[in-house]
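I opened this one to see how the ligand sits against the protein and what lies behind it. Here are my notes, in the order I looked things up.

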Amino acid sequence: MRSRFDEQLSILNKKLIVMGALCEEIIGISSDALLNGNSDKLENVKIIGSEIDRMEEEIEGICLKLLLLEHPVASDLRQISAALKMITDMERIGDQAEDIAEIIGFLNGRTGEECKEIRKMAETAIKMVNDSVDAYVNTDLELARSVYSFDDIVDDCFLKTKNKLIDMIAENKTDGEYPLDLLMIAKYIERIGDHAVNIAEWVEYSLTGVHKDNNKD
Amino acid sequence: MKGIINAKNLNLWYGETQALKNINIEIPEKSITALIGPSGCGKSTFLKILNRMNDLIPIVKIKGDIYYNGKDIFEKSIDVNSLRRDIGMVFQKPNPFPMSIYDNIAYGPRIHGIKGKQRLDEIVENSLKDAAIWDEVKDRLKKNALGLSGGQQQRLCIARALAVKPKVILMDEPTSALDPISTSKIEELSLKLKDKYTIIIVTHNMQQAVRISDNTAFFLLGELIEFGKTEEIFSNPLDKRTENYITGRFG
Ligand SMILES: Nc1ncnc2c1ncn2[C@@H]1O[C@H](COP(=O)(O)OP(=O)(O)O)[C@@H](O)[C@H]1O
Ligand SMILES: [Mg+2]
């Protein structure tokens with residue numbers, strides 16, 4: 001009786017895994033360009049970005065159809081509603097990676113000591129995205145929960161970067177554009193970390209029925 | 001919310017078969033409680049015991065207690081007729097009496113000693129209004145109730161149950177024989193009635209339980225597996241067996 005429904009759920013799952021992999025790929029390319037000056041693949045960013053957008057639409061369609069036709073309850077309902085929320089975060093991650101790629105173009109390869117924290121941020125954010133997607137794929141609750149703690153590292157790096165850039169400006173060591181571009185990049189990376197946390201929270205919700213944010217009194 | 005019906009360690013046997021196993025449940029008043037579970041799990045048995053419709057069957061044996069408004073319903077001093085006036089029942093198949101619409105409704109009040117045309121007219125009108133069927137039948141109150149459609153007959157039966165001013169209405173799969181429109185009328189009616197009455201409804205329709213009930217009890221093989229807020233049961237059941245049943249993974 002459920003076989004058709006189970007089949008649809010497994011299709012949904014596979015699509016989410018593909019979308020997650022695209023997110024990992026797109027931030028991988030952007031940060032490789034930023035941190036290692038490796039801009040060979042930068043032109044792929046737009047293509048991957050639109051593929052992510054397309055997948056968001058497709059997965060949303062699958063979810064709405066399942067909600068309408070199957071009236072899912074319990075873990076089925078949680079899995080589908082978690083999927084609906086996760087794709088919004090994944091789509092944002094794709095957009096922000098695209099934004100970063102665009103700004104990298106303005107930097108003209110210029111990087112310096114002030115990028116040390118940004119490197120750490122980017123590496124951490126990538127790990128967060130990878131882990132939250134993997135947690136979904138492997139229904140790994142512990143891995144999902146481990147993502148939350150990395151957010152503090154990202155936030156901390158963002159603050160340090162901001163202070164460094166303020167000093168640079170105060171000491172008149174730079175033109176106006178460069179520190180602003182870097183700050184934007186840092187902010188986008190920080191947001192990517194937040195979206196990875198959201199994804200991890202939806203994975204937790206899907207597996208346990210408890211959403212971290214709704215559980216605070 | 002205060003519990004109006006309270007079952008404590010309730011067991012029931014039909015001869016050798018145990019149909020209810022150590023049921024403990026407190027039903028909140030002025031709300032809708034849905035009873036769900038596969039056929040034969042004891043839902044109807046539980047419903048019927050609440051107004052003592054099955055404890056007179058010779059092979060039935062009962063252990064444990066049921067309290068209605070704090071009073072033990074198995075006590076000798078309890079008047080079964082007045083218990084049944086307080087706790088009314090609506091069955092799966094609409095069962096209007098083969099008499100006029102008016103007499104169907106007036107039947108219960110008459111039995112309980114109410115006389116006087118004006119008084120009875122009033123009860124008939126109010127009951128039919130409360131059951132959301134007044135407009136459809138007010139011009140043919142003297143016609144035979146068997147001429148009504150299935151959905152109308154079921155609302156008539158609800159009106160008949162309301163006519164004796166009950167506190168609790170038990171409904172055993174009241175919409176399973178009805179079309180979707182009649183079903184939604186009964187559902188809307190139930191939601192309206194819960195302001196004044198406590199409703200306990202057996203349903204095989206999961207969506208119906210979700211739509212109308214405040215609390216849901218899941219029975220399996222005579223056991224009460226899980227009882228809680230409907231929203232919780234259907235989004236995050238605690239027991240794997242509940243999960244398997246409501247998601248259709250059962251058996
Ligand atoms: N009058 C009866 N005599 C003997 N066994 C009965 C009687 N009524 C119900 N049973 C048995 O009790 C169990 C519970 O039945 P019931 O309460 O009707 O379940 P449900 O309403 O959940 O389908 C079943 O095994 C059924 O066969
Ligand atoms: Mg039954």
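**Ligand 1 and its surroundings**

I began with the lysine: an N or O atom in the side chain of B:Lys43 is 2.9 Å from an oxygen atom of ligand 1. I keep in mind that this is a predicted model.

Next I checked B:Gly42, where a polar backbone atom is 3.0 Å from an oxygen atom of ligand 1. For B:Thr45, I found a polar side-chain atom 2.4 Å from an oxygen atom of ligand 1. I then looked up the cover: of the 560 Å² of accessible area that ligand 1 has on its own, the protein covers 61%.

Which residues are around ligand 1? My list reads B:Tyr14, B:Ala19, B:Pro38, B:Ser39, B:Gly40, B:Cys41, B:Gly42, B:Lys43, B:Ser44 and B:Thr45. Sorted by class, the shell has four nonpolar, five polar and one charged residues. Helix 1 of chain B gives the most to it, with three residues.

**Behind the ligand shell**

I followed helix 1 (residues 43-50) of chain B and saw that it lies across strands 3, 6, 7, 8 and 9 of chain B, at about 155° to strand 7. Helix 6 (residues 150-162) of chain B also packs on the sheet, touching strand 6 and strand 7 of chain B.

The sheet is open, with six strands of chain B in the order 6-7-8-3-9-10 and mixed pairing. Its edge strands are strand 6 (87-90) and strand 10 (223-229) of chain B.

Last, I looked at one pair: strand 3 (residues 32-36) and strand 9 (residues 215-220) of chain B run parallel, joined by four bridges. Here B:Ala34 stands opposite B:Thr216.

Notes
Residues are numbered from 1 along each chain as its sequence is written. Chains are lettered from A and ligands numbered from 1 in the order in which they are written. This is a predicted model: local features need pLDDT of at least 70, side-chain atom pairs count only at pLDDT 80 or more; totals for chains, interfaces and linings use all residues. Side-chain values use heavy atoms; hydrogens and water are left out. Two strands pair if DSSP finds at least two bridges between them. Helices (H or I, at least four residues) and strands (E, at least two) are DSSP runs, numbered from the N terminus. Contact means heavy atoms within 4.5 Å. Axes are lines fitted to C-alpha atoms, for helices over the stretch in contact, and angles run from 0 to 180 degrees between N-to-C directions. A residue is near a molecule or strand if one of its heavy atoms lies within 4 Å of it. A polar contact is a pair of N or O atoms within 3.5 Å; within protein, one must be able to donate a hydrogen and the other to accept it, and residues adjacent in sequence count only if both atoms are side-chain atoms. Accessible areas come from the Shrake-Rupley method with a 1.4 Å probe; for residues, only the protein chains shown count as cover. Ala, Val, Leu, Ile, Met, Phe, Trp, Tyr, Cys and Pro count as nonpolar, Asp, Glu, Lys and Arg as charged, and the others, Gly among them, as polar.
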